[in-house]
Amino acid sequence: MSVHNSESNDGIRPIENGVRTDFHGAMTYGRYLDLDRLLAAQHPVSDPEHHDELLFIIQHQTTELWLKLMLHELREFRRLIDADDLGKALKAIARVKAIQRTITEQWTVLATLTPREYAQFRGELGNSSGFQSYQYRAVEFILGNKNAGMIKVFSSEPDAQALLQQLLEEPTVYDALLRYMHRAGLPIPEHILSRDVTQPWTFQEDLVPVFRAVYESEDTPWGIYEACEDLVDLEDNFQFWRFRHLRTVQRTIGFKRGTGGSSGIDFLRRALDLTFFPELYAVRTDIGATP
């Protein structure tokens, strides 16, 4: 029996007959992805150019791309759940969680940058800082950590400022879920349903018994229970990302101040105290407790 060899006698694998090789006037991989612009968007500013600055730029550019997709999916979750399409809404959240795992793992790449290497080009960053990422702020806004004062940081970027203003005035994903639960017959307090959504979410004690019933009742629709757990996953993942950020910064610059003027590690550590869905954590103390 002869065995088909996909390589020619000189060891070169031939191109399959059906593979197109002439792309004049046709859509190509590079054109579809706009690779000419994408791959030309890295502009190191160190002079002479430091080898490791490209790593630093690509790390943050790819994170921004993932944040763009994350925001896209969170807005879709909100749209779908407003339309009572819980199943598809949960699919959007599943994608967000996968993105979160990816950007968290990315810190391992930046962590290969040694303190000495970073120190050699850090001064060239000027006042630029991740603190100025409007997409990060947009994700925080749609999750509930709204701060109208942050919008002025982007006064020199009208499009970014307009996006944040829009998200400030729109309900969060948590608002959307609570309104869905209300339509499904759960006793969500009226003052929560009619709250001023431009304000950051604060802990609502009278929402905890509602979630206790969701978790303890065998009659709770599975989708609602799953949605609650998905939001817990989102917050856990966000905290893991923040923690990896803190540890990567600490191993690279220690306790230096941030390039944007923040206190550095202390600033990042305080961010770990922020919470999006406090009632979903508080209810765990009550579940199974004796009345």
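Guide: A salt bridge here is a side-chain nitrogen of Lys or Arg within 4 Å of a carboxyl oxygen of Asp or Glu, and the structure to which this is applied is a predicted model.

Visitor: What makes the pair of glutamate 73 and arginine 95 a salt bridge?

Guide: The closest N and O atoms of glutamate 73 and arginine 95 are 3.0 Å apart, and because the cut-off is 4 Å, the pair counts as a salt bridge. Glutamate 73 lies in helix α3 (residues 53–82) and arginine 95 in helix α4 (residues 86–105), so the pair ties together parts that are 22 residues apart in sequence.

Visitor: Why is glutamate 73 called buried, and why is arginine 95 called partly exposed?

Guide: Glutamate 73 has a relative accessibility of 7%, and since buried means under 20%, glutamate 73 counts as buried. Arginine 95, at 39%, falls between the limits of 20% and 50%, and therefore counts as partly exposed.

Visitor: How do you know that aspartate 175 makes a polar contact with arginine 195?

Guide: The two side chains come to 2.8 Å, and a polar contact requires a pair of N or O atoms within 3.5 Å, so the distance between aspartate 175 and arginine 195 meets that limit. Aspartate 175, which is found in helix α9 (residues 173–183), is also buried, because its relative accessibility is 2% and the cut-off is 20%.

Visitor: Why are glutamate 216 and arginine 212 said to be separated by about one helical turn?

Guide: Both belong to helix α11 (residues 208–216), and they are separated by about one turn because they are four residues apart; their side chains meet in a salt bridge at 3.1 Å, N to O.

Notes:
Residues are numbered from 1 along each chain as its sequence is written. This is a predicted model: local features need pLDDT of at least 70, side-chain atom pairs count only at pLDDT 80 or more; totals for chains, interfaces and linings use all residues. Side-chain values use heavy atoms; hydrogens and water are left out. Helices (H or I, at least four residues) and strands (E, at least two) are DSSP runs, numbered from the N terminus. Buried means under 20% relative accessible area, exposed over 50%, partly exposed in between (1.4 Å probe, protein chains only). A polar contact is a pair of N or O atoms within 3.5 Å; within protein, one must be able to donate a hydrogen and the other to accept it, and residues adjacent in sequence count only if both atoms are side-chain atoms.
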